[in-house]
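Dear colleague,

Here is the structure I said I would pass on. My notes on what was found follow below it.

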Amino acid sequence: MLEVTEKFRGAEIFVRCLKDEGVDYIFGYPGGAVLHIYDALYKQDAVKHILVRHEQGATHAADGYARATGRPGVVLVTSGPGVTNTITGIATAYMDSIPLVVFTGQVPTHLIGNDAFQEVDAIGITRPCVKHNFLVENVNDLASVIKKAFYIATTGRPGPVVVDIPKDVTADLAEYHYPETVEMRSYKPVTKGHPGQIKKAVALILAAKRAMIYTGGGIVLDNAAGELIEFTRHLGYPITNTLMGLGAYPGTDPQFIGMLGMHGTYEANMAMHHCDVLIAIGARFDDRVTGDLKHFCPEAKIVHIDVDPSSIAKNVPVAVPIVGGAGSVLRDLIKALHESGAKPDQGVLAAWWGQIKEWQSVDCLRYDRTTEVIKPQYVIEQLYELSGGDAYITSDVGQHQMWAAQFYKFDQPRRWINSGGLGTMGFGLPAALGVQVAFPDHLVACITGEASLVMCIQELSTCLQYGLPIKIINLNNRYMGMVRQWQEFFYDRRYSHSYMDALPDFIKLAESFGHVGMRIEKTGSVRPALKEALGMKERLVLMDFITDQTENVYPMIAAGKGHHEMHLSPERELA
Amino acid sequence: MRRIISILLENEAGALCRVAGLFSARAYNIESLTVAPTEDPSVSRLTLVTGGSDEIIEQITKQLNKLVDVIKLMDLSESQHIERELMLVKVSAAGTAREELKRLVDIFRGRIIDVTNTIYVIELTGTSEKLDAFVNGLDRKLIVEVVRSGVSGIARGEKSLRI
């Protein structure tokens, strides 16, 4: 029998792989090394390409897409500067464990190492900030490498994977076969928790007198919010979320006592400090969460559940480590709790809640609501109300990010999209772009500041091209607010280079990109302006809120202090 | 505390860089590192000598295990093991020094593997401590070059590191 096997160019194989992987959107920017691929993209319409204006924007957009949808974000850029421009975005995704697959063009194989035009060692330069990376040296390996890249990016602790493809590989011919499964002897992530450890954890959890549940981005990444809610409600224990974990447990639920950490609530941090059993799930005890480790949860025995063994006992000694996926381990814990038939001692739990209620009565997030000058917190509260708490919120980094986390109550996971680990200014707008591409009819708002916003402002152009009606909430205090806040507290008010002079006219700027610009200068105008902007369903609106320049983020734990050493605003400092 | 970690690694381009890069990125210390393919050419075996508290060693092994190219690893120093290092030393060997050098080599059970009128090349195998002792026993002025392979190690008895 004669077998006819059709051969395809690497570029076509590439596009077919994406299609078979179920990729609907890729974010990219063309250039010499990827021209064959762009030609193959042109000839089909299964995989849609979003043309950004800067490769950093492509990575953040794919990242926002991934965080909002739970599917991997895909990026395509050319060699050399195309690669170097993605580094910030790749590192951002790496720190927050976001599944990205970044395809980078490379100079032809025979020119690698020759200092060729637009050549950079993409594998070397990305190595420290990827989960893994591949150089495709032969067109026959292309499909299997792409399959592995998606597999690695999305399993275990997710993360970005870079695939570097030399130009000649995209021109060479090969048969096409996309593998259905991947088997790698060197990569076998653990998902199921050890039954013995689950048993130990249940005993410890039920015996707690002052338990605290502390969860992070791992719940969101593993789509385990449902399990977390069941687990938490069954026990009746208080719960706090990290910045990355907001929305995994409903922000409006009475058992939720706010975010913890440097700008977390007083009650969450005090409960951490005084708890006797800490149940940590999908959180990594980051320094912004723990404060000074010498004072961290001094009375607590810790149960730590994480899919990444290296996150366990990295910063804090753990009594019961459980390696496994958050969802799987939570299901096992819930089952074991039901089987035990035991419940926490209700009297003891009531006393613990009594103490927490007392801490809550401090009302640590209170701010002055009587001013004519706009308080940034007020803008977020109003946005929360007018959006029914149902928007996708992206943010940049700084004061506005903390206020958004404190004042927008997320009831669902994947609605709060921010750069928590790397703290990347410039993330918010392109991330919102990626979210809006995924959810074209949903309200997507980018809460930002004037310093962050201008870092990737070019993406306004992308938003026009694809008709993405993002609402940009620019909390404009003419300062790099968080830098200014630290300079006020710790540098004797020497505001070294934190004042943003010569800002653009944001109305004209929005208009020049074909969007709507608004300036809001008084508290009384905030609500009507927001209403008007949210009503413009088809348009991107850049809302420039001129806010109080001196407002600081409270409460606050200074760097190197413990959870019990929180500061409220100066006029209401605790004894 | 000094530890010897043995790693089975995919024999892929850049795999060694991932291991070395991990150590520099996380500020871990590498005392020595040797690597070569095993009987299976798709697998390299890497032996790494490092140091640190138990907590740091635990992190090092976890971080190494996380690297996609790492297939398996073992902390040899946790149990009975054998370690060996190879050293080549080129020394000036003229006049009366020749006899004295020969005696020292014999005491350490080394071999002289290259000889000219003025030079010996000495080969010595053993633990790092033994090699140190030999170098310290030499007259410094006579040493022309020292080359050490870094430590290779293997567990004693039935215990093994294999796929």
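Helices (H or I, at least four residues) and strands (E, at least two) are DSSP runs, numbered from the N terminus. The model is predicted: local features need pLDDT of at least 70, side-chain atom pairs count only at pLDDT 80 or more, and totals for chains, interfaces and linings use all residues. Residues are numbered from 1 along each chain as its sequence is written, chains are lettered from A and ligands numbered from 1 in the order in which they are written, and side-chain values use heavy atoms, with hydrogens and water left out.

Backbone

B:A27 sits in the loop between α1 and β2 (32-37) of chain B. Its phi is positive, about 55°, although B:A27 is not a glycine. B:A27 is exposed, at a relative accessible area of 69% (exposed is over 50%, buried under 20%, partly exposed in between; 1.4 Å probe, protein chains only). A:F285, also not a glycine, has a positive phi of about 55°. A:F285 is in the loop between β12 (277-281) and α13 (287-290) of chain A and is buried, with a relative accessible area of 3%. A cis peptide bond, with omega about -5°, links A:Y554 to A:P555; A:P555 belongs to the segment after β20 of chain A.

A buried histidine

A:H563 lies in the segment after β20 (541-546) of chain A and is buried, with a relative accessible area of 0%. Its side chain reaches the backbone oxygen of A:V289 at 2.6 Å. Leaving out residues up to four places away in sequence, A:H563 touches (heavy atoms within 4.5 Å) several residues, including A:N269, A:H273, A:F296 and A:I557.

Interface

Contacts join 18 residues of chain B to 16 residues of chain A. Chains B and A bury about 1400 Å² between them, 48% of it on carbon and sulfur atoms; this is the accessible area (1.4 Å probe) that two parts lose on being put together, summed over both. There are three salt bridges between chain B and chain A (a side-chain nitrogen of Lys or Arg within 4 Å of a carboxyl oxygen of Asp or Glu). The side chains of A:R185 and B:D40 form a salt bridge, at 4.0 Å from N to O. The elements giving two or more residues to the side of chain B that touches chain A are α1 (15-25), α2 (54-66) and β4 (70-75) of chain B. Of that side, α2(B) gives the most, with five residues.

Regards

Conventions. Polar contact = N/O pair within 3.5 Å; in protein donor to acceptor, adjacent residues only side chain to side chain.
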